[in-house]
Amino acid sequence: MPKRNLVEAINRGLMEEMERDPAVVILGEDVGREGGVFRVTDGLQARFGADRVIDTPLAESGIVGAAFGMAVKGLRPVAEIQFEGFLAPAMDQIMSHIARIRTRSRGRFTSPLVIRSPFGGGIHAPEHHSDSPEAIFIHTPGIKVVIPASPYDAKGLIKAAIRDADPILFFEPKRIYRAIKEEVPDEEYTVPIGKAKVLREGDDLTLISWGAMVRETLRAAEMAEKEGVKAEVIDLRTLSPLDEETFLISVRKTGRAVIVQEAPRTCGLGAEISARIQETSLLSLEAPVERITGFDTIVPLLKLENHYLPTPERIVRGIRKVMAF
Amino acid sequence: MIERFDPLKGEMLRILHPDGRLEEDLRPGLSDESIRDLFQEVLFIRMLDQKALSLQRQGRMGTYAPVQGQEAGQVGSAFALGKGDWVFPSFRETGVLYMRGVPVRDILLYWMGDERGAKVPEDVFVFPISVPVGTHPLHAVGAAWAAKLQKENICTIVYFGDGATSEGDFHEAMNFAGVFQLPVIFFCQNNQYAISLPRKKQTASKTIAQKAIAYGFGGIQVDGNDLLAAYAAAREAREKALSGGGPTLIEAVTYRFGPHTTADDPTKYRKEEEIEEWKGLDPVIRLQKYLAGKGLWDEGLERKFRGEAEEKINRAVQEAETISPPPVEDIFRYTYSQMTPVLKEQLTDYQAFLKEKES
């Protein structure tokens, strides 16, 4: 079975879906001839032509707004926004139109499109290239939010996203684009939207994370094990709609939870998860739910970036606190 | 000049030809000695740019957007400005920053990932680099508007590339500037590529300069590799702005010799032959030729100048590399005018974590 990194896995998933369904088109800046600045769409224009893998002018609102029109008219567009920081100019299209069309037209028109965007920090990039804006979109009714943390899931999730009836924001943790290689079968498979995954079982506490932070969380779980703490680790994979069941079952078993998010702390997804745990499982809790997060600040440039990003050490500190309660 | 060269007729202002010939009747009020001084700035910026590239390759700097090929347009236009004019740069404006008084050390610091490099001295009116493409023309418009309302006799200038002209905000900026007759100069460096996308796929317009016409003001295409053309157009646009004549769009036709940034591989999207063709239009070569013809430049002078410039650049590199690292508090300090209780708590907690780690 071929081993692939995250970039190659998404590329493979896109290719398979374009083979399967002629309505699938890709559009964005530098996605065609260049194959994307991270090479996620490498080779696709050569294979499917410039009508289906489209290099657009430099305009995020243009890309996303046009993708919306395409989706409404029956195509299955996959729009790329080169970095998550540049989603901002497309926000009007996403919030005012894409997320609302089903409701506004009482189901007459729908917007089954995917917006792909590299996500998060950790690659020492320039300004606006290291943000974690997932909460803004989770807070936007009508759009789903997906983020893989492994190559296997990346292929399965991008395929499922393209087939989904609803618009999906597909975040790609750029820090682990090439950091993990694993077996990604050539065969057809999808990973369901809206299902979290238990990556590691344990009885002492539940660690909940997503995106590039999953790897840090797994490392923290290993470190904690040396201190005699057995942590269960959950990768959410889909952030909206949230797979509440998976983490609630786990927390009811362990009685303790630490949520790890790269994004700023206030009003992050961690806050929502924490709220749901206490709303439904208060009597199972042995300790307050802990959050290890980025700060409520702008992500600093590279000289200070490593202070901002949650590390296994910071996560272990949170684990100790929860275990000692 | 702006009215004389009609972009719709394919007319482009060029004063100093690639072979070093100067159109005397178009010559702006610049003596040969001034041209030599400005040429030295062009050369200095090229050297600084090369140094930045090599620092990045050695892992001593973060991602960098090289400026090679665009130096003359930047020097010429920036030199046309007055002391109090405000500059709104994009991310490929090393030459403009330097010309407007941003210390070389700070230019390097910023690209080294140290945000203290974006804090310009008090008497320098250069806004921090805009990494988002095409959103900052509106900022120049707003600042020009404020100057007009405050009755300050200055203009603003915004630098951007051909790619930026596809962004909605660019059009909103042009429209506002036209409607309110604002003292702003839109300086587009059309360097032929937005990362991989060639200029002709960016817009179906024959020129970028002609876009001004739709917004009700003048646009001019200049040879962006011609220091004198860039200077002459910017100077006239500034005079026009200051005398209440409103905005101008200048399209400087140029070429990016290097990659988009150090993270880019241009061999994916352009051919060596194309680069070679543009090499003949290199802004440095024509200035060298012209000045040599006037007896104002030769190999000896160049060697001497390069030696001094290298020393100055190396000093700046050393300063940037030996400065003590920014403190952790800097992450929090500038988020609001005063640090909020929540931020204070997060900082205190993180400092406690760092202490625990040490012990």
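In chain B, 77% of the contacts with a separation of 6 or more join residues 24 or more positions apart; two residues are in contact if their C-beta atoms, placed from the backbone, lie within 7 Å. The structure is a predicted model, in which local features need pLDDT of at least 70 and side-chain atom pairs count only at pLDDT 80 or more, while totals for chains, interfaces and linings use all residues. Residues are numbered from 1 along each chain as its sequence is written, and chains are lettered from A and ligands numbered from 1 in the order in which they are written.

Chain B holds 14 helices and eight strands; helices (H or I, at least four residues) and strands (E, at least two) are DSSP runs, numbered from the N terminus. Of its 359 residues, 47% are buried, that is, with 20 or more other C-beta atoms within 10 Å of their own, these atoms being placed from the backbone. The C-alpha trace of chain B spans about 75 × 50 × 40 Å along its principal axes.

Turning to chain A, an open sheet of five strands runs in the order β9-β11-β10-β13-β14, with mixed pairing; two strands pair if DSSP finds at least two bridges between them. Strands β9 (197-200) and β14 (290-294) of chain A each have a single partner strand, so one side of each is left without a neighbour in the sheet. Inside this sheet, β10 (residues 205-209) and β11 (residues 231-235) of chain A run parallel and are joined by five bridges. Here L207(A) has V233(A) as its bridge partner in β11(A).

Notes: Buried ≥ 20, exposed ≤ 12 C-beta atoms within 10 Å, placed from the backbone.
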